[in-house]
Amino acid sequence: DSETHMHNFDETRRYMETLMSTLPRGTVSELVLHPRGTVLPLTESLEAGDAGEAAVTLGKLAQLAERQRTLVNGVKVPCGAALPFSTLEHALRDAGESTHHHFYSLTAALETADTALPAICKELQELIGGLELPHMALSALERHLTPEEDDDEEAREGGLFATLAPSSNVTHPEVVELAGLYHTVPVVDVTNAQALRETVTQVWASNFRPRAVLLRRKAGIPQSAAAMAVVARELIPVELSFTLFTVDPRDTQNADQAYVEVAVGLGE
């Protein structure tokens, strides 16, 4: 009920404030606590503490594309939104005191675990996989990922899909620069609430992959300080996909040369 949710919100706020006071400087973004069920559109001005640097960067690109759409006819901007860091904490508290306590007991055990580390990571991932998301968050996420009526409906007759990606608050260079450290789900049916919930929890759970845990430990980052947000972007059916590097990685001294990788279809 509303009184229980408000109580959980106050407890969550106190927990987050305590955690923020112990964060290592320059290695982790401070967290901003949002009310239960909050979903942040990428077209809004986001801060790193909301949903991570990845969300901030994608948000800036979305805003730039939105401005271009008003200038250039035919430019399409994929819908996008982020579940902030605090969504997981709310989900844990909604699951009950026992689940919430067990989660942080396991997280604390990761600090010194040796041979038991893989088993603890697996238990944490399974615990996260069983969490429920607030219905209002799922509904809001689907709404933000639904294209406007004037978009190309014919191109989307096969369904409404999105890509869900991780966005960590860890900014330590030894951790943040490693690609593939966390889990990205390239295709999920936005209209399927259960599939959407499972996909979000998969991204959350990837924060506790053994490799990620060991890298944070090496960097001196407490496991309890590492948070995970989820960024969702509408997946648009296309004939070609590409990645553009504004500087050719094979010739970084040549500022006049770009590098493009192109693939047929979605580029998976």
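User: Is A48 buried or exposed in this structure?
Analyst: This is a predicted model, and A48 lies in helix α2, residues 48-71. Buried means under 20% relative accessible area. A48 has 17% relative accessibility, so A48 counts as buried.

User: Which residues does A48 touch, not counting residues up to four places away in sequence?
Analyst: A48 belongs to helix α2. Contact means heavy atoms within 4.5 Å. Leaving out residues up to four places away in sequence, the residues that A48 touches are S29, E53, V56 and F85.

User: How far apart in space are A48 and N169, C-alpha to C-alpha?
Analyst: In sequence, A48 and N169 are 121 residues apart. In space, C-alpha to C-alpha, the distance is 7.3 Å.

User: How many helices and strands does the protein have, and what share of its residues counts as buried?
Analyst: The secondary structure comes to nine helices and seven strands. The protein has 268 residues. The share that counts as buried is 43%.

User: Among contacts between residues at least 6 apart in sequence, what share joins residues at least 24 apart?
Analyst: Contact here means heavy atoms within 4.5 Å. Of the contacts between residues at least 6 apart in sequence, the share that joins residues at least 24 apart is 71%.

User: How many residues of helix α3 are buried?
Analyst: Helix α3 covers residues 86-94 and is mostly covered. The buried residues are S86, T87, L88, E89, H90, A91, L92 and R93. D94 is partly exposed, with a relative accessible area of 31%. The count of buried residues in α3 is eight of nine.

User: Which residue just after α3 takes a positive phi?
Analyst: Helix α3 spans residues 86-94. Just after α3, a positive phi of about 115 degrees is taken by G96.

User: Which residue meets D94 in a salt bridge?
Analyst: The structure holds four salt bridges. One of them has an N to O distance of 2.8 Å and involves D94. It links distant parts of the chain, 58 residues apart: D94 is in helix α3, and its partner is in the loop between α1 (2-20) and β1 (40-41). The partner is R36.

User: Is R36 buried, partly exposed or exposed?
Analyst: Buried means under 20% relative accessible area, and exposed over 50%. R36 has a relative accessible area of 21%, so R36 is partly exposed.

User: Why does the salt bridge of R197 and E132 tie together separate parts of the chain, and how many residues apart are they?
Analyst: The side chains of R197 and E132 meet at 4.0 Å, N to O. R197 is buried, with a relative accessible area of 7%. R197 lies in helix α8 and E132 in the loop between α5 (117-129) and α6, so the pair ties together parts whose separation in sequence is 65 residues.

User: In the salt bridge of R250 and D248, which residue is buried?
Analyst: The side chains of R250 and D248 meet at 3.0 Å, N to O. R250 is exposed, with a relative accessible area of 64%. At 1% relative accessibility, the buried residue is D248.

User: What geometry does the aromatic pair of F103 and Y104 have?
Analyst: The structure holds three aromatic pairs. In this pair the centres are 4.8 Å apart, with 85 degrees between the planes. Planes over 60 degrees apart count as edge-to-face, so the pair of F103 and Y104 is edge-to-face.

User: How many residues apart in sequence are the parts tied together by F103 and F208?
Analyst: The ring centres of F103 and F208 are 5.7 Å apart and the planes are at 85 degrees, so this pair is edge-to-face. Both residues are buried. F103 lies in helix α4 (97-109) and F208 in the loop between α8 (193-205) and α9 (210-219), so the separation of the parts tied together is 105 residues.

User: Which residue has its charged end over the ring of F208?
Analyst: F208 forms one aromatic cluster with F103 and Y104. At 5.9 Å from the centre of the F208 ring sits the charged end of R216.

Definitions and conventions
Residues are numbered from 1 along each chain as its sequence is written. This is a predicted model: local features need pLDDT of at least 70, side-chain atom pairs count only at pLDDT 80 or more; totals for chains, interfaces and linings use all residues. Side-chain values use heavy atoms; hydrogens and water are left out. Rings of Phe, Tyr and Trp (its six-membered ring) pair if their centres lie within 6.5 Å; planes under 30 degrees apart count as stacked, over 60 as edge-to-face and the rest as tilted. Helices (H or I, at least four residues) and strands (E, at least two) are DSSP runs, numbered from the N terminus. Buried means under 20% relative accessible area, exposed over 50%, partly exposed in between (1.4 Å probe, protein chains only). A charge sits over a ring if NZ of Lys or CZ of Arg is within 6 Å of the ring centre and within 35 degrees of the ring normal.
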